[in-house]
Amino acid sequence: MPRRTDIHKILLIGSGPIIIGQACEFDYSGTQACRALRKEGYEVVLVNSNPATIMTDPITADRIYLEELTAPSIRKIVEKERPDAVLPTMGGQTGLNLADELQRQGYWEAQGVKVIGVDIDAIHITEDRQQFRDLMEEIGVDQARSQVARSLLEAKEVIQSLGGLPVVIRPSFTLGGAGGGIIWSPRELERKVMRGLELSPVHEVLVEECVYGWKEFELELLRDSNDNVIIICTIENVDPMGVHTGDSVTVAPSQTLTDKQFQHMRDTAIRMMRSIGTFAGGCNVQFGINPVDGRMIAIEINPRVSRSSALASKATGYPIAKVAARLAVGYTLDELKNDVTETTSACFEPAIDYVVTKIPRWNFEKFEGVDEELTTQMKAVGEVMSIGRTFTESLQKAWQSLEIGYAGLGADRENPSRPSVRERLRRSYWDRTLQIRNAFMHGASMDEVYDITRVDPWFLQRIRMLIDLEKALQRLRLQDVTPEQMLNLKQHGYSDVQIAWLVADEVSEEEVRQYRLSQNVCPQFLLVDTCAGEFPAATPYFYSSYESATESPISDREKVIILGSGPNRIGQGIEFDYSCVHGVQAVQEMGYEAIMINCNPETVSTDFDIADKLYFEPVFWERVLDIIEHEKPKGVIVQLGGQTALKLAGKLSERGIKIFGTSHELMDLAENRGKFSEILKELDIPFPPYGMARTVYEAVRVAESIGYPILVRPSYVLGGQGMRIAINKEEVERYVTDIYTLLPDNEILLDLFLNNGIEIDVDAVRDADGDVWITGIMQHIEPAGVHSGDSTAVLPPYSLSESVIEDIKKYTIDIANRLEVLGLMNVQMVVQGDMVYVIEANPRASRTVPFVAKATGLPVARIASKVILGAKLKDFRDEGALDSSLKGYAIKEPVFSWSKFPEVRKELGPEMKSTGETIVFVDALTDSHFKRPYEMRNLYLSR
Amino acid sequence: MGFEPQSSKLALADGTVVVGTAIGASGESGGELCFNTSMTGYQEILTDPSYHGQIMMMTYPHIGNYGAHDDDTEAAKPMVSALVVRAFSREYSNLLAQESLHNYMDKHGLVGITGVDTRKLVLHIRESGVMNAVISSTDLDDASLVEKAQAWPSMDGLELASRVTCSEPYTYSDTDGPRIAVYDFGVKTNILRTFAALGCSVKVFPGQTLLKDALAWSPDGLFFSNGPGDPRVMPEAIACVREAMMTGIPLFGICLGHQLMALAQGIDVFKMYVGHRGANQPVKNMKTGRVEVTTQNHGFSVDPDSVSSELANISHMNLNDQTIEGLRFEGFQGFSVQYHPEASPGPHDSRYLFEEYLQMCSKSDFG
């Protein structure tokens with residue numbers, strides 16, 4: 001059936017602020033859906049409160065509502081816009097829940113709005129444990145076995161019939177699953193069962209077979225209105241059941257299933273999808289397999305686009321959200337073409353000829369006292385994906401992508417001691433694959449490691465094989481490594497840094513690089529084509545591997561590379577991807593070929609039809625340099641991709657590679673506290689007294705001379721990591737010691753803390769002529785001391801005098817000119833009385849760029865990117881392109897994911913903890929969105 | 001593991017030579033180099049008689065991961081002439097596995113090569129067309145190997161079914177259900193399993209069996225199997241199918257059997273530039289409008305220009321390149337498909353064809 005003609009205007013619900021478990025993958029899917037629907041000629045109305053998204057850009061939808069995601073706000077929009085249909089499956093659980101709420105109220109029907117892409121009743125079935133269980137039983141799908149027990153005796157009988165311990169017990173009708181858990185040993189049995197029976201108001205417990213340690217798989221499906229179903233991707237979890245799939249290292253395609261086992265899974269998944277309503281769209285099904293007897297059970301089904309669908313899209317090249325959106329408006333799969341080949345059908349199952357690894361990224365260091373053990377509750381804040389021709393290559397590339405200081409899967413530092421490795425492996429921690437490697441390095445056997453981890457032996461075998469390679473290298477000097485050995489190492493994903501560490505002699509990364517290049521060992525760039533090479537593909541989506549031919553042709557156009565921001569983390573999230581996407585578009589509009597390098601599967605920037613060319617690669621020096629040497633761009637833009645990209649500026653500069661925008665020397669000047677303070681002195685700009693120290697003793701001396709309270713922090717960190725406010729000598733001692741345990745060899749900065757100061761964030765753009773455009777001045781509601789990312793910011797300022805604002809502007813312009821900023825800059829200031837103090841200046845895109853852009857209605861990042869490439873602000877100004885459309889105030893509210901860490905104290909300080917943000921427009925300061933945070937502004941301030 | 005990697009070379013008729021490591025048995029073997037994009041089911045592919053004499057290159061890099069098992073075979077021994085892999089797993093992990101794929105290959109004398117850039121070779125074949133090749137761990141001289149590859153007999157115009165058909169008729173399953181006579185041109189075991197699972201009595205006849213001998217068993221259905229080689233050089237088989245059309249017994253053909261039925265009906269068959277080999281091919285059922293994801297393995301195809309409505313209707317079409325995937329014939333009871341509804345490896349979307357065929361067979365009882 002071709003597209004529906006009975007609908008013209010479609011409302012798409014976004015997923016709101018980023019929280020753990022619901023992140024920027026929904027910006028990616030929502031953006032894809034919007035673009036696909038507009039291309040089909042539909043008018044798209046979008047609602048999302050998250051300003052840091054591409055989907056809320058005028059380039060994405062026809063009408064955008066930056067409004068709260070609540071039923072009343074949706075009603076208001078519906079009544080104004082009168083859409084014919086609503087597509088709620090692109091906005092995660094938030095979007096679905098809203099659509100569901102309004103469905104229960106009979107609202108959609110009353111308004112004549114058709115719900116497309118989902119069957120709301122189907123959602124209820126999947127979310128109600130008993131309904132789901134009954135349905136699966138009805139269609140003959142096996143699940144974890146269970147039985148109700150009403151006494152200890154009955155429970156013991158049930159346990160025996162289930163094959164013994166461990167089992168899971170779930171007391172009936174208790175709130176939030178209270179009293180539930182795993183019974184591991186006979187010792188706990190009586191106590192836990194009795195407690196469960198007592199807690200249950202009806203005094204019964206469900207005794208369920210424990211699937212902890214089983215193999216876990218995920219299938220991504222698409223279905224059309226003609227009931228055609230295809231499997232886009234199969235994902236195998238390296239971490240077995242017991243660790244949330246969002247916290248698991250996962251691999252695509254499946255590695256350890258025979259065809260019979262896989263087809264059984266495929267058949268079951270299709271049967272499950274067909275059993276839950278008749279919607280056209282995407283769906284995700286999870287399975288567990290008992291490693292002891294091979295029994296397969298269904299775990300759950302999610303009838304919507306999910307985090308895994310974003311991963312599956314990037315892993316296969318198949319644009320799931322785009323196709324799902326078109327299916328939702330009536331197309332059938334056989335009517336659509338595969339976007340990647342442009343000639344073959346979209347109704348097929350992608351075949352891939354590489355291995356994809358996803359590793360989540362966590363931010364435990366931000367949360368003191370957090371329980372780092374991975375459980376069934378997701379804790380990761382972001383993820384990386386990597387592509388290699390083998391599992392080992394892909395795994396090591398994923399570790400290089402994580403940007404946590406590793407140059408691969410270990411082999412770049414001393415091995416931790418045997419007891420510490422053993423202790424670390426005992427539970428599911430975030431670094432499990434690395435600890436498996438370390439255990440093998442200590443001579444652990446396959447059986448030992450399997451018994452502890454339950455990671456499938458096939459993965460363990462691959463990792464152990466690496467140890468043999470490494471041991472062979474330990475006796476060799478670099479010059480003795482043969483070209484065959486070198487190629488073999490590179491094919492297993494080893495970075496030059498790792499090889500430099502592994503060989504017997506002291507060599508540098510650069511020496512390894514030069515040596516292997518002289519051996520003609522260099523990477524090739526291969527195409528992601530959905531079909532394993534069977535058909536020619538048209539999409540410019542590449543990855544590197546040490547193969548024998550490149551498939552990435554070099555055009556004769558001038559090129560600009562944009563470095564992406566890597567995995568999401570607290571302090572560097574979707575905001576930077578937003579800037580990168582605008583950077584890409586600006587580069588294209590300035591007539592260059594835009595080349596994107598990034599490794600985050602959840603983002604819009606890694607969609608293959610955003611840049612002219614996408615390299616899905618770690619933003620890791622060696623990999624970036626390989627691409628630069630292949631593409632020979634005119635230059636590289638580093639100021640959009642956060643610290644990830646910025647960190648490489650020095651090395652690029654050393655190599656004589658052009659950096660578009662502020663030069664590396666001047667960026668460094670801003671980062672260097674001593675030199676920056678001299679500049680401020682020279683410009684006659686006040687700054688709080690400060691000092692630097694390299695030892696605890698020194699730090700105390702500096703603190704005593706400056707006075708208290710004093711801000712203590714390590715230099716060169718992101719999101720205020722390790723930052724504390726000390727009120728006395730003892731605290732300084734303690735905090736500095738803490739910093740040195742975490743970050744040895746770091747310089748400590750100590751600034752006088754300006755008590756009761758008002759914190760100000762300024763965003764600005766400067767062009768090569770010295771023209772400075774102040775894009776926004778934001779006043780924080782919370783006092784200085786709360787990290788700017790965690791503060792409620794108001795644009796424009798609400799309580800500053802004219803003269804103070806004049807000072808703020810003057811200082812910003814003076815600093816921009818002195819640092820010869822080209823492009824974006826962010827300055828942080830504190831106002832105390834009439835005095836304006838400058839705290840720091842960052843000549844790069846800041847977290848607030850998208851907020852300011854959405855508040856003012858101006859494409860700040862795009863204008864800045866054009867300025868970087870030579871455009872003049874004057875020309876924009878003359879066209880009126882710098883005139884803000886903001887009336888009243890725009891407020892940026894931080895959003896936290898506290899509920900994921902119940903053991904952590906909810907307090908705010910100089911270290912950033914929020915995961916997302918929303919934007920609210922208010923006409924007056926009497927609005928509760930201003931009043932509430934204002935009244936509570938001091939409440940959560942800690943140190 | 002304590003094994004010394006043994007060097008091996010793969011040489012193509014056009015002069016391309018790549019170096020790798022030997023897997024399976026040591027020695028030398030040649031054939032037409034083709035590729036398969038399935039990500040699971042390597043053992044089913046290696047034992048598929050339709051691949052007889054071909055060198056199989058798997059596009060998925062890791063092969064051998066889950067070992068080998070007798071239940072995963074489509075014939076008693078490997079049928080391909082050699083295996084080409086990017087990253088072979090000697091070590092394996094699967095609860096069901098009986099041995100490693102390496103052992104299985106070695107046991108059956110199947111040679112193979114790993115550590116070669118399969119992607120580059122796939123693109124090469126895609127651009128230059130399928131060609132012959134030789135793999136050797138005994139002769140490592142490039143010029144000599146290329147010469148051997150060039151001298152290897154071409155598949156074009158080659159009759160191969162007689163090499164893989166059974167030597168004597170045998171009963172695969174004996175029940176009271178519909179009696180299916182299978183003409184074996186290299187039948188995959190899963191076709192027999194599928195008929196048997198549906199309650200059929202199945203008897204397998206050598207490909208060259210005279211029709212009267214098969215009819216002597218009084219079958220309810222005549223099935224023409226898949227198999228290797230060029231159907232255009234099988235005049236006896238075509239004549240046999242033509243004769244069968246007159247009997248009124250419903251006919252069903254898969255792959256080579258499909259091509260033979262087309263030829264018997266006067267429809268042409270041509271050799272494709274690059275065949276279809278994988279488990280992800282979309283096929284549209286023209287009657288229901290539904291799409292099946294199918295397993296395919298063929299280098300020849302039915303010529304659409306020679307299909308007229310008096311001869312047959314196109315029942316199934318490939319959505320990627322619009323080639324003919326199924327025919328429903330006029331003038332006699334029967335249909336045929338180019339793809340593999342028995343799967344193994346691959347999706348089970350098309351199993352319904354067996355049921356439809358059996359319905360046809362049971363109806364004809366009263367006809």
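In this predicted model, chain B meets chain A through 40 of its own residues, which are in contact with 42 residues of chain A. On the side of chain B that touches chain A, the elements giving two or more residues are α3 (118-128), β15 (269-285) and β16 (291-302) of chain B, and α3(B) gives the most, with 5 residues.

Turning to chain B as a whole, one finds 10 helices and 19 strands. The radius of gyration of chain B is 20 Å, close to the 21 Å that the globule rule gives for 367 residues, so chain B is as compact as a globular protein of that length. Its C-alpha trace spans about 65 × 45 × 40 Å along the principal axes, and 59% of the 367 residues of chain B count as buried. Among contacts in chain B between residues at least 6 apart in sequence, 75% join residues at least 24 apart.

Within chain B, 10 strands form an open sheet of mixed pairing, in the order β10-β12-β11-β13-β14-β19-β18-β17-β15-β16. At its edges lie β10 (170-173) and β16 of chain B, each of which pairs on one side only, while neighbouring strands of this sheet are turned by 25° against each other on average, direction ignored.

Strands β11 (residues 179-184) and β12 (residues 201-206) of chain B run parallel and are joined by 6 bridges, and Y183(B) stands opposite F205(B) in β12(B). Helix α6 (residues 189-197) of chain B lies across β10, β11, β12 and β14 (251-254) of chain B, running at about 150° to β12(B).

Methods: Residues are numbered from 1 along each chain as its sequence is written. Chains are lettered from A and ligands numbered from 1 in the order in which they are written. This is a predicted model: local features need pLDDT of at least 70, side-chain atom pairs count only at pLDDT 80 or more; totals for chains, interfaces and linings use all residues. Two residues are in contact if their C-beta atoms, placed from the backbone, lie within 7 Å. Helices (H or I, at least four residues) and strands (E, at least two) are DSSP runs, numbered from the N terminus. The radius of gyration is taken over C-alpha atoms; the globule rule is 2.2 Å times the number of residues to the power 0.38. A residue is buried if 20 or more other C-beta atoms lie within 10 Å of its own, exposed if 12 or fewer, and partly exposed in between; C-beta atoms are placed from the backbone. Two strands pair if DSSP finds at least two bridges between them. Axes are lines fitted to C-alpha atoms, for helices over the stretch in contact, and angles run from 0 to 180 degrees between N-to-C directions.
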